[in-house]
Each structure stands twice: as C-alpha cells, then as structure tokens.
Amino acid sequence: MSLVLTGSQVMQVLNMDLALAAAQEAFQAYGEGRVNMPPKSYLQLAQGDFRAMYGEIFLTQAHICGLKWVNVHPGNPAKGLLTVMAKIIINDPETGLEFADLDGTHVTDFRTGAAGGLAAKYLARPDASRLGLIGLGAQARTQLAAVLKVRPIQEVVVFDRHLAHAQGFADYVTATYGVAARAAADARDAVRDLDIVTTTTPSGRPIVMADWVSPGTHINAIGADAAGKQELDPAILQAAKIVVDDWAQASHSGEINVPLAQGKIKPEQIYGSLGEIAAGKKPGRTDAAEITVFDSTGLIIQDLALAYAVCQKARASGLGEEKDFLK
Ligand SMILES: NC(=O)c1ccc[n+]([C@@H]2O[C@H](COP(=O)([O-])OP(=O)(O)OC[C@H]3O[C@@H](n4cnc5c(N)ncnc54)[C@H](O)[C@@H]3O)[C@@H](O)[C@H]2O)c1
C-alpha cells in the first residue's frame with residue numbers, strides 16, 4: 001500500500017524542527033557512507049528545467065530508496081505559479097514496492113532551508129546575530145526559518161530585485177518572528193557588516209562582490225543548482241573555506257561550477273562536504289575570522305529523509321489515503 005499525501009496534508013505535519021532533524025540525519029548518513037546517490041539528471045526546457053533525482057539511504061529507523069521529479073521555472077511567479085514544484089515517491093529497497101507517493105514541493109523548500117540551517121550551525125560564528133537574505137522567494141522563507149532556529153538572529157536585512165517585494169518581505173519577517181528587519185536598496189547593503197548571508201536567486205552571474213564580505217561571515221549559496229548558475233564573485237570562493245553538499249553535483253551545477261570551469265578555483269580548494277562535518281570527520285568553522293561558504297545543490301537523500309519523517313507523522317495522524325497502485 002502506498003500513502004498518498006497532497007501538499008496541504010504534508011503541511012499539517014511538516015515544520016522546521018522536523019526538517020532540521022531530517023537534515024542532520026541525512027547529512028550524517030552521507031558522511032558515514034550510508035547513502036547511494038547518483039548525481040541528479042536534468043531535462044532542459046525552453047522556460048526552465050526538470051530534474052530526476054533518485055537514491056538510497058540507510059536511516060536510523062529505516063532503509064529506503066526513492067525518486068523526486070522536480071522543476072525550476074524562474075518565470076513562473078509572474079504567472080502566479082511556483083518556481084519549484086515536486087513529486088516524491090518512496091520505495092522499499094528490499095522488494096521495490098512503493099510505500100509513499102507525496103507532493104514534494106513543501107518538502108523541497110523545507111529540506112533546502114534545513115540544509116542552510118545545518119550549514120549555519122557548523123559554519124557560522126556562534127554569536128552570529130545579523131542575517132542578510134538576497135532573493136526573496138519560496139526558498140528565502142525556509143532559509144530564514146532554519147537560521148533563526150540555530151543562531152541568535154536579531155536583525156535581518158533583505159534584498160530582492162523588486163524593492164516593493166523586499167519591503168513586504170521585511171514586514172513578513174517582523175510580523176512572523178518578531179525580529180527587526182529592513183529592506184535594502186542594493187545587494188551590498190544586504191551583505192556588508194552582516195554575519196550570515198543567504199543567496200536564493202536563479203542568477204547566472206555574480207551578485208555578491210568580494211569586497212562587501214566582512215571577515216567571519218558565513219554564506220549559504222543556495223540558488224546555483226544548475227550548470228551556468230552562480231551568485232558569488234569568484235574572489236569570495238578563492239578566499240573562503242568552501243563546503244559542498246556533494247562534490248559531483250556541486251562541481252557540475254553548484255556555486256563552484258562556473259569558477260571551476262573557468263579555472264578561477266581548483267578542486268583542491270574545496271574543504272569538504274557538509275556530511276563529513278555532520279559525521280564529525282572534519283571540523284566546521286575553526287576560526288572566528290574565516291569566511292565560510294556552503295554550496296548547496298540539493299540532495300535526494302535530504303528529500304527522502306524528510307519525506308519519510310513526514311509520512312511517519314501523517315500515518316500516525318491518519319492523514320492521507322492508502323492506495324494500491326498495482327490494483
Ligand atoms: N540548493 C537547493 O537545494 C535548491 C532548492 C530549491 C531551489 N533552489 C534554487 O533557488 C533559487 C530560488 O528558488 P525559489 O523557489 O526561491 O524561487 P522564487 O522564484 O520563488 O524566488 C526567487 C527570488 O529571487 C529574486 N531574484 C531573481 N534574480 C535576482 C537578482 N539578480 N537579484 C536579487 N533578487 C533576484 C526574484 O525576484 C524572486 O523573489 C532557484 O535558482 C532554484 O533553482 C536551490
């Protein structure tokens with residue numbers, strides 16, 4: 001039997017605490033070699049792309065494998081549609097039987113935010129209190145929610161290419177979390193003198209410049225997740241401790257893909273993976289003045305760990321519909 005969950009049913013049990021716990025478990029499993037995860041493959045379309053992501057993970061409570069089918073259409077918000085939408089299927093690796101079939105849109109947003117939160121937990125200064133957000137769409141909301149859980153943030157500065165949108169987002173931050181927030185007039189204002197900077201735009205050229213970044217800053221580079229995308233001045237990467245989620249994906253489609261292809265950074269400059277840090281194999285931040293960058297491309301094991309946790313909670317609450325698709 002397969003548990004079928006719609007997006008609104010997923011949202012009845014999904015929250016950032018669940019997402020952070022699932023991210024911890026997924027990255028630790030990665031660091032301990034308990035995953036089997038080929039790089040995602042892309043279907044390029046005129047207006048965006050689709051990705052097929054599949055893998056296997058040995059969780060503490062279960063052994064699962066599965067598939068996510070997810071799009072990125074940056075022009076969708078102008079049509080009143082989401083940029084990123086997804087479907088997740090979970091199977092039993094022993095028999096191949098499917099046991100869950102759920103909307104993966106919210107799981108994607110929350111697992112992406114949670115990866116940023118986990119990276120901030122290991123890489124941002126413990127006293128980091130000022131957060132900058134660049135690009136204020138769906139991912140920015142979960143990035144914000146996750147960082148607020150792991151660091152004592154007291155001030156948020158937000159920038160988007162649409163100023164009115166940034167003003168609305170600043171209001172949302174204060175109304176939702178009671179944290180002081182303001183809209184920046186330019187990207188520099190959302191980087192300079194801040195402790196953590198998170199970028200979530202679909203940009204194909206650098207939008208954060210090296211001379212804006214203060215010593216001790218941690219950057220979560222989330223937006224670049226396809227070949228040719230980049231948000232950071234390569235000079236930032238040249239000076240930073242760079243942590244990737246997965247070398248194969250990051251070198252192909254993450255923040256490092258363009259500077260690597262241009263020879264501006266070298267593979268040996270990559271410090272390691274977030275999984276190695278979560279598994280205790282490498283330390284995270286070791287110096288208050290170092291600049292750290294987390295290059296996130298998004299891993300199927302994050303989706304599977306969180307989707308599994310969502311399904312467990314949903315089943316316990318009697319949510320969703322049990323279906324036998326083979327009948
Ligand atoms: N790393 C991951 O795991 C992961 C997961 C999901 C999405 N993403 C990527 O994150 C990016 C954002 O996704 P989303 O769902 O938030 O999209 P979205 O369309 O909801 O939001 C993007 C926001 O960025 C703003 N923006 C675009 N270009 C900008 C620029 N040059 N400067 C400032 N603001 C700009 C837009 O106005 C919009 O508000 C996409 O590139 C997507 O592919 C990455």
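Q: Why is Glu276 called partly exposed?

A: Glu276 has 23% relative accessibility, and partly exposed covers the range between buried (under 20% relative accessible area) and exposed (over 50%), with a 1.4 Å probe and protein chains only. Glu276 therefore counts as partly exposed, and so does Lys282 at 28%. The model is predicted: local features need pLDDT of at least 70, side-chain atom pairs pLDDT 80 or more, while totals for chains, interfaces and linings use all residues. Residues are numbered from 1 along each chain as its sequence is written, and side-chain values use heavy atoms, leaving out hydrogens and water.

Q: What makes Glu276 and Lys282 a salt bridge?

A: Their N to O distance is 3.6 Å, and the rule asks for a side-chain nitrogen of Lys or Arg within 4 Å of a carboxyl oxygen of Asp or Glu. The pair therefore qualifies. Elsewhere, salt bridges with shared partners link Asp49, Arg51, Asp225 and Lys229 into one network.

Q: How do you know that Asp49 and Arg51 are buried?

A: Asp49 has 7% relative accessibility and Arg51 has 2%, so both count as buried. Their closest N and O atoms are 2.4 Å apart, in a salt bridge.

Q: Which side chain does Asp225 meet in a salt bridge, and why does the pair tie together separate parts?

A: Asp225 meets Arg51 at 3.0 Å, N to O. Asp225 lies in the loop between strands E13 and E14 and Arg51 in strand E4, so the pair joins parts 174 residues apart in sequence. Strands here are DSSP E runs of at least two residues, numbered from the N terminus.

Conventions
Helices (H or I, at least four residues) and strands (E, at least two) are DSSP runs, numbered from the N terminus.
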